Amino acid sequence: MGDMEIHATNDFAAPVPTVFAMLTDRVFLRAVCLATDPLEHEVDVEGLRTSTRRVMPTPSVVSRLAGPTMAIVDQITWEPDGVGPSRHGAAHITVEGLPAELIGTVTLVEGGRGAVLSYDGELTVNVPFLGPGLARQAAPLLLEALEIQQRVGDEYLAT
């Protein structure tokens, strides 16, 4: 078993409602997907639930477990608008064909350049012997995806 805490933030130069609208916009979600250079991708937005599925070449460390490609499914379920200028949701990232998932929370609050998006979760890889190593390998990929989201978000908000 490999468990690893993940903490990451994005800092966007816009108020919370604007950033929330972006995070639930199909156009933005597709742009983030495309920026990771997937082999194929799908984006789905239903009310407060967003879902993206990206098929990526498998990193060499897991290719003998997962085959040449892997599909990463990233779902966020936002809570209905609460009191005050903040939004909260649940994040669930899974890798099809691998016993790996990230379960966590996502929070959007005032701060930074306007709005700060925080991810907190636990990455679990249930592969005997390899789990901890795979979790360490997977963590940078997740954080890289958030760096890409920051860059795409900055461009989106600037237009």
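Among contacts between residues at least 6 apart in sequence, 52% join residues at least 24 apart. This value, like those below, comes from a predicted model. Of the 159 residues of the protein, 43% count as buried.

The overall dimensions were examined next. A compact globule of 159 residues would have a radius of gyration near 15 Å. The protein has 16 Å, which agrees. Along the principal axes, the C-alpha atoms fill a box of roughly 45 × 30 × 25 Å. The protein carries 10 positive and 21 negative charges.

The secondary structure consists of four helices and seven strands. Along the sequence, these elements follow the pattern β-α-α-β-β-α-β-β-β-β-α.

Strands S6 and S7 were then considered together. Strand S6 spans residues 100-111, and strand S7 spans residues 114-125. The two strands pair in the antiparallel sense, over twelve bridges. Ala100 stands opposite Val125 in S7. S6 and S7 form a hairpin, with two residues between them. Gly112 lies in the turn and has a positive phi of about 55°.

Residues count as buried when their relative accessible area is under 20%. Nine of the twelve residues of S7 are buried, so this strand is largely enclosed by the rest of the structure.

Technical notes
Residues numbered from 1 in each chain as written. Predicted model: local features only at pLDDT ≥ 70, side-chain atom pairs only at ≥ 80, totals over all residues. Heavy atoms only, no water. Buried < 20%, exposed > 50% of the residue type's maximum accessible area, 1.4 Å probe, protein only. Pairing = 2+ DSSP bridges. Rg over C-alpha atoms; globule rule 2.2 N^0.38 Å. Contact = heavy atoms within 4.5 Å. Lys, Arg positive; Asp, Glu negative; His and termini not counted. Charge placed at Lys NZ, Arg CZ, Asp CG, Glu CD.
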